[in-house]
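This report concerns the model shown below. Please consult the sequence and the structure alongside the text.

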Number of protein chains: 2
Amino acid sequence: MDKQISQAVIRRLPRYYRYLGELLDDGVERISSNDLSKRMHVTASQIRQDLNNFGGFGQQGYGYNVAYLHDEIGNILGVNDTHNVIVIGAGNLGQAIAGYVKFERVGFKIIGLFDVNPELKGKMVRDLPVQMLEELPDFVKNNNVEIAALTLPKQNAKSTALKLVSLGVHAIWNFAHVDLDDIPDVVIENVHLSDSLMQLSYNITQHKNK
Amino acid sequence: MDKQISQAVIRRLPRYYRYLGELLDDGVERISSNDLSKRMHVTASQIRQDLNNFGGFGQQGYGYNVAYLHDEIGNILGVNDTHNVIVIGAGNLGQAIAGYVKFERVGFKIIGLFDVNPELKGKMVRDLPVQMLEELPDFVKNNNVEIAALTLPKQNAKSTALKLVSLGVHAIWNFAHVDLDDIPDVVIENVHLSDSLMQLSYNITQHKNK
DNA sequence: TGTTGTTTGTTAAAATCTTGACATAGTTTT
DNA sequence: AAAACTATGTCAAGATTTTAACAAACAACA
């Protein structure tokens, strides 16, 4: 048992979660895979298949209860629990991420913001002071830090990641333009904005030549 | 002919491009799919298969010339040409994106930054003044704008996207937390940071239960 | 309460993607 | 110049993912 769920499925879950959240806001009580498929431009079969990886959330002849399904997907994704996040690198992107997460998501809580630049020391970003990297070990020891967002130059990313893991932070949200594989015992999620922009660029070229 | 290349392949191209760029910086002249596969932690077969979608860039018994292959992938991705980019939404994220792109990539040039908030009018971000959205139509008319990055609240994303397309901007790099499908004749690349964070959250849970 | 209609969960087929295998072509060495 | 070696391009097998199909379960309505 305990079949491994493919990352392809996992990548789709947040999107389901988002659409269900919107339906919830709109006061929609129930939805069929067919209706949802039309809104989301995917096949109904895929929706049912995806959801059934985790159990039967629907009911024949009725469909899915929006509130219930939303909550269940939230549980699967782990966003109904609180996760403490620190941001390493208090540049533009770091500040933006700190603000963005704060606005967008309950469930994720930014509790610390770090940088190496002494000029930034103590600067307030929202309600958080920028701390120096030297303060990181103590901070991690005294706070339950689950996720570290790395928004720093690629030169420092690997060593910082290694340090974080040694301090006990086992999840990294990596915005640095470098791969952080071959670090054992840590979960990495990469956001390579350059890669995304290049994909866009490719698709522009394709689009033109049609 | 003119076989459609799958997005799975396209998603990998920027990564090849990055690794080849690093090899280039390190003064490495040639590389075999086998050596590259070890560095990148993918199969050599996949590398050869991916590249052969676009033609034979290597030579039997020799491997691939790093500079040549780097350049060719650059051509495929369209990053050897210049693309003018405007950013709509001059909040933290918009400013970060403007700076990030500028630093990371030649090939993409930020030429304008727009917002609706009158308080931001004229504020300099790097070397660009924040302009009001009313100025957008004239700006697009007078400048060759290829890509618009949307870093604004989801409520305004769709209408702004529609306006951009009507003005002749046919590529959107979307950071708003909403899907912009069903807009015809436009290439969309989504960066859903929340989705990414949720994936991380899921994988943390999985990691723990092992 | 029975009949009709709806929609799931699941199975199987189809399509796509990844990996392994190897003949061929070119390189390197002697 | 020949022999030994290397590594691509490509074909085919294997694995995974997606889609279609439908029986079983429940809802809605008469």
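A residue is termed buried if 20 or more other C-beta atoms, placed from the backbone, lie within 10 Å of its own, exposed if 12 or fewer do, and partly exposed in between. By this count Asp185(A) is exposed, with 7 other C-beta atoms within 10 Å. The structure is a predicted model, in which local features need pLDDT of at least 70 and side-chain atom pairs count only at pLDDT 80 or more, whereas totals for chains, interfaces and linings use all residues. Residues are numbered from 1 along each chain as its sequence is written, and chains are lettered from A and ligands numbered from 1 in the order in which they are written.

**Chain A**

Chain A contains eight helices and ten strands, where helices (H or I, at least four residues) and strands (E, at least two) are DSSP runs numbered from the N terminus. Its C-alpha atoms fill a box of roughly 60 × 50 × 40 Å along the principal axes. Of the 210 residues of chain A, 37% count as buried. Two residues are in contact if their C-beta atoms, placed from the backbone, lie within 7 Å. Among contacts in chain A between residues at least 6 apart in sequence, 53% join residues at least 24 apart.

The domain assignment, with bounds from an automatic or database source, divides chain A into domain 1 (7-76) and domain 2 (83-195). The C-alpha centres of these two domains of chain A are 32 Å apart.

**Relation and contact of the two chains**

Chain B is superposed on chain A by a rotation of 180° with 0.0 Å of shift along its axis, at an RMSD of 0.1 Å. This is the relation of a two-fold axis.

The contact takes 45 residues from chain B and 45 residues from chain A. On the side of chain B that touches chain A, two or more residues each come from helix H1 (7-25), helix H4 (66-77), helix H5 (92-104), strand E9 (171-174), strand E10 (187-190) and helix H8 (193-208) of chain B. H8(B) gives the most to this side, with 14 residues. By class, the side of chain B that touches chain A has 22 nonpolar, 15 polar and eight charged residues. Here Ala, Val, Leu, Ile, Met, Phe, Trp, Tyr, Cys and Pro count as nonpolar, Asp, Glu, Lys and Arg as charged, and the others, Gly among them, as polar. Because 100% of the interface residues of chain B are also interface residues in chain A, the copies meet through the same surface.

The expected span of a helix is 1.5 Å times one less than its number of residues. The table sets the spans of two helices beside this expectation.

| Helix | Residues | C-alpha span, first to last | Expected span |
|---|---|---|---|
| H1(B) | 19 residues | 28 Å | 27 Å |
| H8(A) | 16 residues | 23 Å | 22 Å |

The buried residues of H1(B) are Leu13(B), Pro14(B), Tyr16(B), Tyr17(B), Arg18(B), Leu20(B) and Leu23(B). They pack against helix H8 (193-208) of chain A together with strand E1 (30-31) and H4 of chain B. Within H8(A), the buried residues include Leu193(A), Leu197(A), Met198(A), Leu200(A) and Ile204(A). Just after H1(B), Gly27(B) takes a positive phi of about 75°.

**Surfaces near the DNA strands**

A residue is near a strand if its C-beta atom, placed from the backbone, lies within 6 Å of it. Of the 28 residues around DNA strand C, Gly56(A), Gly58(A), Gly61(A), Ser6(B) and Gly61(B) come nearest. H3(A) supplies the largest share of the surface near DNA strand C, five residues, and that surface has seven nonpolar, 20 polar and one charged residues.

DNA strand D is surrounded by 27 residues, of which Gln60(A), Gly61(A), Gly56(B), Gly58(B) and Gly61(B) are the closest. The largest share of the surface near DNA strand D, five residues, comes from H3(B), and the classes there are six nonpolar, 20 polar and one charged.

**Loop residues**

Asp185(A) lies in the loop between strand E9 (171-174) and strand E10 (187-190) of chain A, and has a positive phi of about 65° although it is not a glycine. Arg126(B), likewise not a glycine, has a positive phi of about 50°. Arg126(B) is placed in the loop between strand E6 (124-125) and strand E7 (128-132) of chain B, and counts as exposed with 12 C-beta neighbours inside 10 Å.

Key:
Least-squares fit on C-alpha atoms with pLDDT ≥ 70 in both.
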